[in-house]
Amino acid sequence: MGRDGEAMIPVRGFEGKKVAVFGLARTGLAAARALAAGGADVVLWDENPKAREAAAKDGFTLEDLTTADWSQLAALMLSPGVPLTHPTPHWTVEKARAAGVEILGDIELFARTVAAAPPHKRPKIVAITGTNGKSTTTALVGHVCRQAGRDVRIGGNIGVGVLGLEDMHGGAVYVLELSSYQLDLTSSLKADVAIILNISPDHLERHGDMDGYVAAKRRILLNQGKGDTAIVGVDDPWCAHIVTEITAANRRTIVPISARRAMGRGVYALQGMLYDATGERVTEVCDLTRAASLPGRHNWQNATAAYSAARALGISEQLAAQGLMTFPGLAHRMETVGAIGKVRFVNDSKATNADAARQALSSYPKVYWIAGGQPKSGGVESLEDLFDGVIKAYLVGESEDAFARTLDRKVPYARCGTIDAAVRAAFADARSSGDDAIVLLSPACASFDQFADFEARGEAFRAAVHDLTVPAAARARVQS
């Protein structure tokens, strides 16, 4: 279970009670350790025998939940990847509901633990969601706060599960990326600063329809009141509607953000200049075109959110701006991983849907585009207005056939199958052009057809680029 010196937040409220944890990936195991550290009687289960074996080796108690006595359970801690409602409820969900057992996620466990702490020991919480940009914004908020001298812990849907972070104290700031799956399992989180960056269709198979997806995202605003801040984008109709509704409720401070237009009130970016219109007059904050790790309009939206969050936490305009300008960037999000001659390789593996890929494609005038994987609804049809900027596409994964049909007679393409083959083919074409060139991995797909996650896909891209720089003879010597 908890290893010596291992960081965690012991979960309060389940002392002496039996809690089942289903789903033994990163989030589930972190929650199990934190529950046990808080005094709960924890039993674990997963449908994957290898996951069960690893948990048992780690000292956890396994219990087959298909045959367990659910009347003895106080709660079911469900990993966020397990379907709660759609396309159909998971069997553990049905058993829990039949037995009257509460179903919750790791963010809810964290929220209850914060609520149980004395007021002077409760940390500040910045919670961030959105269809696209939430990982970059989470890392950016964390960087700005850390540069300003705050004790920052970054986690949730990025990096470390929230319960695997260092334990709380009154001066800490928890900056948490929250997915719609996590928010579905959360009811009592009270964020000092809540951010909804943007909303576009995604994960509809898990939420039933767009209304269900929007409702999940809106849960990040639950429980906010006077003294709390909601930062919400207004560049899409769903978020703009949320701003209108919560403004009418008038329970919290509301900061609209935009990367497309000026506003009478809020924080916005135009042509890369960041403006603060939350006070009596509009001020120019900084020129984001000089921030090397924040290229493109989508990153300007991320910057408006991060700046607004920093200001809500009491960080000065000057320190917030300095933090934005020194941000080193995020792995797998428009990350330059190498260059050979005039050819630059950009890893945007985090682009798991068409909207995210749009952000990368629109940031470069011409690209050699590596795309594909486990397809999302709509494929890449919505990107047709950007096809003129694609010199050639290199298709990989399950979506090869569907993407080929979309690109046919519009963009030259090659069926490559794997990331490694696509990198070799794209590099050969880019180098032969003799021009400055960008080879862009921006898949517009999930990764699960060939990889464990988008990080593993990004690392495969990085490795393939590295292999191009190592002569074949040298690779053979290393492998022998």
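**Ground rules**

I number residues from 1 along each chain as its sequence is written, and my side-chain values use heavy atoms, with hydrogens and water left out. Since the model is predicted, local features need pLDDT of at least 70 and side-chain atom pairs count only at pLDDT 80 or more, while totals for chains, interfaces and linings use all residues.

**Entry one: the sheet**

I began with the strands, taking helices (H or I, at least four residues) and strands (E, at least two) as DSSP runs numbered from the N terminus. I counted two strands as paired if DSSP finds at least two bridges between them. I found 4 strands in an open sheet, ordered S2-S1-S3-S4, with parallel pairing. At the edges sit S2 (41-45) and S4 (102-104), each pairing on one side only. The twist averages 25° from one strand to the next.

Next I looked at one pair up close. S1 (residues 18-22) runs parallel to S2, and 5 bridges join them. Here I saw alanine 20 standing opposite valine 43 in S2.

Which helix lies across S1, S2, S3 and S4? I found that helix H3 (residues 91-99) does, running at about 160° to S3 (75-78). For such angles, axes are lines fitted to C-alpha atoms (for helices over the stretch in contact), and the angles run from 0 to 180 degrees between N-to-C directions. Contact means heavy atoms within 4.5 Å.

**Entry two: helix H8**

I then turned to H8 (residues 210-218), where Met210, Tyr213, Val214, Ala216 and Lys217 are buried. Buried means under 20% relative accessible area, exposed over 50%, and partly exposed in between (1.4 Å probe, protein chains only). Seen down the axis of H8, these buried residues fall within an arc of 155°, so they line one face of the helix. That arc is taken from the directions from the helix axis to the C-beta atoms.

What do the buried residues of H8 pack against? I listed strands S5 (124-129) and S8 (193-196), along with helices H5 (134-147), H6 (180-184), H7 (204-207) and H9 (237-249).

I searched the whole structure and got 19 salt bridges. A salt bridge is a side-chain nitrogen of Lys or Arg within 4 Å of a carboxyl oxygen of Asp or Glu. I looked up a few of them.

Lysine 57 and glutamate 53 meet at 3.4 Å, N to O. They are 4 residues apart in helix H2 (residues 49-57), so about one helical turn separates them. Lysine 57 is exposed at 69% relative accessible area, whereas glutamate 53 is partly exposed at 44%.

Aspartate 228 and lysine 190 form a salt bridge at 2.7 Å, N to O. This pair links distant parts of the chain, 38 residues apart: aspartate 228 is in the loop between H8 and strand S9 (229-233), and lysine 190 is in the loop between H6 and S8. Is aspartate 228 buried or exposed? I noted that aspartate 228 is buried at 3% relative accessibility, while lysine 190 is partly exposed at 42%.

Arginine 218 is partly exposed at 27%, and glutamate 245 is partly exposed at 36%.

Finally, I noted one network in which salt bridges with shared partners join Glu102, Glu108 and Arg112.
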